[in-house]
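This report walks through a protein chain from its overall make-up to a few local features. Please keep the sequence and the model in view while reading.

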Amino acid sequence: MVGTNPETSDGSSLSPTVDDPDLDNWEMFDESTEKFLLSTDDDALTLIDLLGFLDEVKVPDSLRKRTKAWGNRLQAEQKKMAKKFNSAKDRLKEIQNGLRRRGNEVTRKLEEHSTRTARRIITGDSNKRVRDYVKEPPVVRMIDCVSFTLGVILLVSAEFMTLRFPHFFWIFYVITAWAMIITRCILWWGGIFKYFLFDFCYFVNAVCSLVVLFFPNNTVLNQVCFVWANGPVVLAMVTWRNSLVFHSLEKVTTLYIHATPSILTLCIRWYSKGPSPMCEGGDEGACSLSLWNWWVMSFSGYLLWQVLQLMLTEVLGGEEIQKKGLQTSCRWISTHPRMPVHFLSLKLARSLGIMGKDEKFNYKTWKTKIIFVTFQAGYTFFTMLPCKVLFESFWAHLVYLFILYVYCVWNGARYYIHIFAERYTLQFIAKDDNIKVVEPPPAVIPNPDSTCKGT
């Protein structure tokens, strides 16, 4: 501060006084030196600069010593303050880490408590996992009975809406399809089939839902959805050998996800109130599927999904898939040689010389992945071919879907006959030969009447 003299710890002033014996040796600063010392610019002198300056300028020895002593004490105090500040900073970090550890511990205990509570409510035992509980025979039987009942109700409801209120089927579709998809997400997200939820059929259902909800009059999007739903998605029922098995929630959900987009587009194309949104300008007489929407837009949308799916399974989730042994479409098909896709793609790859005569698919290699990606692109292209005829002919569209649905019903019938084959065969043997039939134990063929009660 101007007008004050710095003092040392003993109270003596650092500036020269009248009684100072060295005052006679003091040489007054010139004008330039005074401006240098009194500078208030942003790059003002530091304490080190001042001490160095005092070494070069002729000042009394006592003033130089006192100034240096004062500077040294300031440096010492600065170091002490810096040390205290670093110590306080380290202490704050320790407190922060401690609070974080306590928070994580509390969160873990709350999650554990909520999990045990949920287990106790659902299973009756806080130590029994729900995933294990639903695999117990009584629970499985109860779930199968509920699935059978809901499957029949769903089928009848879908038929009723299609025949009686086709122009409102989109509401029924959005509610039921997403109820089943969300149920599947809950059941699959923590298991090995997690990445199946990003397959093309789920992508198509999501796009169809967005279109009917937010872009119902967009002709391009409606025609693209028509191509996807009646091409690769509905024919996936044959590729994946879907079957109508009412008591299996998995099979009913898979069939529903593949089948309902085609019924939705059927209702929008042929049973809309007023002009169909799939026709350009609403002109039913000149309604046709344009080549641009049929091939360019539809196939470009498929390629977009394929790129996103590869980034998800090979880049973002690749490490998780390898460590946990999770399933993907490529991995599942490559390890199931009885599937038509496996058989056809392997035969084609061998005939083209891409794979050796005795070489088999290995899902870990990029060679197998590229073969399946290429084969799926070819499959998508091939299944899009009939969409032009289906779009422009009601009867062709109806017969086409009818054949595919009969195929799924036939697969379901074969499934039921194989499950109850022993009881079914013994029934006819008993009638023909008057042989007393010994019923197999419940563990082999459960009694439908008892399983519905959960016993």
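## Overall make-up

Of the 455 residues in the protein chain, 34% are buried, in what is a predicted model. The secondary structure of the protein chain consists of 18 helices, with zero strands. When contacts between residues at least 6 apart in sequence are considered, 66% of them join residues at least 24 apart. The accessible surface of the protein chain amounts to about 28700 Å², and carbon and sulfur atoms account for 63% of that surface.

## Packing of α13 and α14

Two packed helices are described by the angle between their axes and by the distance between the axes. For helix α13, which covers residues 340-351, and helix α14, which covers residues 366-383, the packing angle is about 105° and the axes lie 11 Å apart. Because an angle from 65 to 115 degrees counts as roughly perpendicular, α13 is described as roughly perpendicular to α14. From α13, the residues Val 341, Leu 344, Ser 345, Leu 348 and Ala 349 meet Ile 371, Phe 372 and Phe 375 of α14. Sorted by class, this contact of α13 with α14 holds seven nonpolar residues and one polar residue, with no charged residues.

## Cysteines and the disulfide

How many disulfides does a search of the whole structure find? The search finds one disulfide, and this bond joins Cys 279 to Cys 287 with an S to S distance of 2.1 Å. The link of Cys 279 and Cys 287 is left-handed, with -90° about the S-S bond, and both of these cysteines are buried. Cys 201 is likewise buried, with a relative accessible area of 13%, and Cys 330 is buried with a relative accessible area of 19%; both values fall under the 20% that sets the limit for a buried residue.

## A positive phi at Arg 241

Most residues other than glycine have a negative phi. Arg 241, however, has a phi near 55°, which is a positive value in a residue other than glycine. Arg 241 is placed in the loop between α8 (219-239) and α9 (249-270). Is Arg 241 buried or partly exposed? With a relative accessible area of 43%, Arg 241 is partly exposed, since this class lies between the limits of 20% for buried and 50% for exposed.

The table below sets out the relative accessible areas given above.

| Residue | Relative accessible area | Class |
|---|---|---|
| Cys 201 | 13% | buried |
| Cys 330 | 19% | buried |
| Arg 241 | 43% | partly exposed |

Methods. Residues are numbered from 1 along each chain as its sequence is written. This is a predicted model: local features need pLDDT of at least 70, side-chain atom pairs count only at pLDDT 80 or more; totals for chains, interfaces and linings use all residues. Side-chain values use heavy atoms; hydrogens and water are left out. Helices (H or I, at least four residues) and strands (E, at least two) are DSSP runs, numbered from the N terminus. Buried means under 20% relative accessible area, exposed over 50%, partly exposed in between (1.4 Å probe, protein chains only). Contact means heavy atoms within 4.5 Å. Accessible areas come from the Shrake-Rupley method with a 1.4 Å probe; for residues, only the protein chains shown count as cover. Axes are lines fitted to C-alpha atoms, for helices over the stretch in contact, and angles run from 0 to 180 degrees between N-to-C directions. Angles under 35 degrees count as roughly parallel, over 145 as roughly antiparallel, 65 to 115 as roughly perpendicular and the rest as oblique. Ala, Val, Leu, Ile, Met, Phe, Trp, Tyr, Cys and Pro count as nonpolar, Asp, Glu, Lys and Arg as charged, and the others, Gly among them, as polar. A disulfide is a pair of cysteine sulfur atoms within 2.5 Å.
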